Amino acid sequence: MGKDVIVACDFASAEQTFAFLDKFTGRKPFVKIGMELYYAEGPSIVRQIKARGHKIFLDLKLHDIPNTVKKAMAVLRNLDVDITNLHAAGTTAMMKGALEGLTREDGTRPLLIAVTQLTSTDQEAMERDILIKEPIDQVVMHYAETAKNAGLDGIVCSPLEAGKVHERCGQNFLTITPGVRFADGEVGDQKRVMTPAQAKAIGSDYIVVGRPITAAADPVAAYERCVAEFCD
Ligand code: C5P
């Protein structure tokens, strides 16, 4: 795996999701299912999208005591997703528990990715609310190294951080980067953005793209443009 465009299917229902996915008659996009859709439709949405031939990143960002996360991951492993994730803030013990739970009897498992500090958390909120005083970029790098040492496969990060994460954690440690916009497109609420071509140049392994594709007049053309810029 590697170098693919993941489409964030941030829809509220299966109906809307399938109306969107039905447009893709050629290459089937790698799909990200987040909390909104998963909590609305339950695990069957994962099975249905998988049955249509899509790869799946199940973005549920688990964070609980190690035993609970291990057991939850043991359930998720049966959904046969390709990538899933958790919060690195849950500590090494939680990440190791998650890996154990996720690993099937035959030794295979989905890729496990860590969320570091959410991009919605800034330095001020981090210091005030969770009493972390170090510079946020150092905190993100520390979480990346902790995730790598726990045995995880990569992290979610800004495309601007992907190069540095590879320097610190190795080229094989995966970077999955949202915050992607076309050069001539709307930025919306994303603050730090890159084009698919820039994300490729800086070494992102996967880009996660939502509204530039889901809200485009021609979603398939927008997806193909992302693939041409990022993968080819
Ligand atoms: O529509 P847009 O391209 O901004 O969607 C980006 C997707 O990536 C959304 O599903 C969003 O929740 C997710 N994401 C993000 N920034 C992060 C982590 C996840 O935008 N730091």
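**Ground rules.** I'm working from a prediction, where local features need pLDDT of at least 70, side-chain atom pairs count only at pLDDT 80 or more, and totals for chains, interfaces and linings use all residues. Residues are numbered from 1 along each chain as its sequence is written, and side-chain values use heavy atoms, with hydrogens and water left out.

**Largest pocket.** I looked up pockets first. A pocket here is an open set of points on a 1 Å grid over the protein atoms alone, where a 1.4 Å probe fits, with protein on both sides within 12 Å along at least five of seven lines. Lining residues have an atom within 4 Å of a point. I get about 1300 Å³ for the largest pocket, the volume being the space filled by probe spheres set on grid points joined across faces, edges and corners. Its lining takes in 46 residues, and Leu118, Thr119, Ser120, Pro178 and Gln190 lie nearest the centre. Elements giving two or more residues to this lining include α2 (35-41), β3 (56-62), α7 (136-150) and α8 (159-169). Helices (H or I, at least four residues) and strands (E, at least two) are DSSP runs numbered from the N terminus. I sorted the lining by class into 19 nonpolar, 13 polar and 14 charged residues. For the classes, Ala, Val, Leu, Ile, Met, Phe, Trp, Tyr, Cys and Pro count as nonpolar, Asp, Glu, Lys and Arg as charged, and the others, Gly among them, as polar.

**Second largest pocket.** This one has a volume of about 170 Å³. I found Arg181, Asp184, Glu186, Arg211 and Arg225 among the residues that line it. The lining splits into four nonpolar, one polar and five charged.

**α1 and α3.** On to helix pairs. The axes of α1 (residues 14-21) and α3 (residues 43-51) come within 12 Å and cross at roughly 15°; axes are lines fitted to C-alpha atoms over the stretch in contact, and angles run from 0 to 180 degrees between N-to-C directions. The pair is therefore roughly parallel (angles under 35 degrees; over 145 is roughly antiparallel, 65 to 115 roughly perpendicular and the rest oblique). I note a right-handed crossing for α1 over α3 (near helix turned clockwise from the far one by less than a right angle). Ala14, Thr17, Phe18 and Leu21 of α1 meet Ile45, Gln48 and Ile49 of α3, contact meaning heavy atoms within 4.5 Å.

**α4 and α5.** Axes of α4 (residues 66-76) and α5 are 7 Å apart, at an angle of about 25°, so I log α4 and α5 as roughly parallel to each other. From α4, Pro66, Val69, Lys70, Met73 and Ala74 take part, meeting α5 residues including Ala93, Met94 and Leu102. The contact has eight nonpolar, two polar and two charged residues.

**α5 and α7.** α5 (residues 91-102) and α7 have axes that come within 9 Å and cross at roughly 45°. I log α5 and α7 as oblique, therefore. Thr92, Met95, Lys96 and Leu99 of α5 make the contact with Thr146, Ala147 and Ala150 of α7.
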